[in-house]
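I opened a notebook page for this structure. Here is what I looked up, in the order I went.

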Amino acid sequence: MAEIKVPVVRNILQANERLAAENRSRFDEAGIFVVNLMSSPGAGKTSLLEKTIEALAGRMGIAVIEGDLQSSYDAERIQKKGVQAVQINTEGGCHLDGNMIQIALEALDLAGIDLLIIENVGNLVCPAEFNLGEHEKITILSVAEGDDKPIKYPLMFQICSALLVNKIDLLPYTNCDMEKIRKTVRQLNPAGKVFEISCRTGEGFEPWLSWIANKVAEHRKNRAQACASPRMDKH
Amino acid sequence: MHELSIAQSLLDIIVDESNKHGLERINKVRLRIGELAAVVPESLTFCFDLVSRDTVASGAVIEIEKIAVTARCDKCDLSFEVKDRVFECPKCGEPVLEMLGGRELDVVSIEGETGENDG
Ligand SMILES: Nc1nc2c(ncn2[C@@H]2O[C@H](COP(=O)(O)OP(=O)(O)OP(=O)(O)O)[C@@H](O)[C@H]2O)c(=O)[nH]1
Ligand SMILES: [Mg+2]
Ligand SMILES: [Zn+2]
């Protein structure tokens with residue numbers, strides 16, 4: 001018997017990272033802009049999707065992957081809006097991972113799709129560590145959850161490129177301090193955009209809609225340039 | 001909850017490295033986990049005990065080194081530790097976008113026994 005020490009230095013999540021990178025190249029080949037939408041249960045992910053699809057589906061091709069512990073209820077809500085939606089049931093798993101996205105992609109027709117939104121499982125902790133191959137992470141916080149959430153669950157608020165503070169129609173009935181949310185998120189994530197919205201009344205939707213539409217357009221433009229330029233490396 | 005899938009990924013790496021290096025029993029695994037990583041160490045070691053039962057890593061000690069959050073100001077070229085999760089340069093007060101460390105979830109080393117006899 002010999003006792004030895006093996007230096008390793010490997011990222012524990014490297015297997016998922018590899019799958020996420022594969023997904024990413026598939027998205028890029030197809031020219032699709034992909035968003036990973038995260039929040040705690042009930043913050044308003046599906047409601048945001050419904051309203052966003054209503055406003056933008058005439059201008060771009062949209063598809064949705066719905067992650068849930070169980071049921072296909074959310075995918076049905078999205079299909080009613082006339083876009084493709086695939087349901088993934090994690091059967092108890094608290095987050096989506098790169099592999100689940102690969103399975104869902106088999107059921108999606110990506111032709112003509114400009115924007116793919118992945119609704120993650122409702123959870124403010126676990127999904128933050130698992131990349132899916134998305135271009136942007138977007139987090140929703142509803143005012144009913146309290147203004148201390150960015151301090152208690154920092155990673156979710158640190159990694160998102162946009163935070164949507166939803167249910168602002170309920171502000172008069174809560175003690176949620178919007179300025180405190182803005183300040184904490186600014187300190188934690190200076191580049192992150194903050195939008196205050198209500199999926200019920202539609203308040204605050206204009207800035208959000210133009211931000212996301214812009215992102216999709218920029219992505220399309222960069223891709224067109226990359227294709228046109230002979231000097232660009234092909235992978 | 002996701003510590004279970006992280007523990008499983010950790011075990012996969014350990015088994016892979018054990019096969020590569022001919023380890024038959026793992027005594028200790030050293031990890032580096034960033035302060036901002038969404039992982040609770042107690043929960044990870046608990047889950048690891050579960051998933052490693054009846055494997056080469058059964059009973060192995062998991063040693064976790066916590067890594068502070070650090071960032072770099074590109075105006076001052078200053079690297080510093082981020083205190084209280086405020087990503088702001090302590091010198092010029094500007095918001096800082098470049099994180100250097102604090103999200104690690106790494107295996108650093110594995111210690112164990114090979115089946116070979118000495119001499
Ligand atoms: N008052 C108010 N209610 C809202 C708003 N947005 C969503 N809701 C309600 O909040 C509840 C949850 O909304 P969903 O859109 O299903 O939330 P979700 O994040 O998709 O939930 P899960 O998928 O279960 O995690 C529903 O009853 C919505 O009608 C809002 O802006 N204001
Ligand atoms: Mg939903
Ligand atoms: Zn500075």
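Which side chain has an N or O atom 2.7 Å from a nitrogen atom of ligand 1? I found that of A:D169. I counted a polar contact as a pair of N or O atoms within 3.5 Å; within protein, one must be able to donate a hydrogen and the other to accept it, and residues adjacent in sequence count only if both atoms are side-chain atoms.

I noted the ground rules next. This is a predicted model, where local features need pLDDT of at least 70, side-chain atom pairs count only at pLDDT 80 or more, and totals for chains, interfaces and linings use all residues. Residues are numbered from 1 along each chain as its sequence is written, chains are lettered from A and ligands numbered from 1 in the order written, and side-chain values use heavy atoms, without hydrogens and water.

**Ligand 1.** I went back to its oxygen atoms. One lies 2.9 Å from a polar side-chain atom of A:E119. For A:N166, I read 3.1 Å between a side-chain N or O atom and an oxygen atom of ligand 1. The protein covers 75% of the 660 Å² of accessible area that ligand 1 has on its own (Shrake-Rupley method, 1.4 Å probe).

I then listed the shell, taking residues with a heavy atom within 4 Å. It holds 19 residues, and A:K45, A:T46, A:S47, A:D169 and A:C199 are the closest. α2 (45-56) of chain A gives the most, with three residues. α3 (73-79) of chain A supplies at least two. Helices here are DSSP runs (H or I) of at least four residues, strands (E) of at least two, numbered from the N terminus.

**A:Q87.** I looked at this residue in strand β4 (residues 84-89) of chain A. Is A:Q87 buried or exposed? A:Q87 is buried, at 19% relative accessible area; the cut-offs are under 20% for buried, over 50% for exposed and partly exposed in between (1.4 Å probe, protein chains only). Its side chain makes a polar contact with that of A:D68 at 3.5 Å. The side chain of A:Q87 also reaches the backbone oxygen of A:S71, at 3.4 Å.

**Chain B.** I counted two helices and six strands. Along the sequence they run α-β-α-β-β-β-β-β. The C-alpha trace spans about 60 × 40 × 15 Å along its principal axes. Buried residues make up 44% of the 119 residues in chain B.
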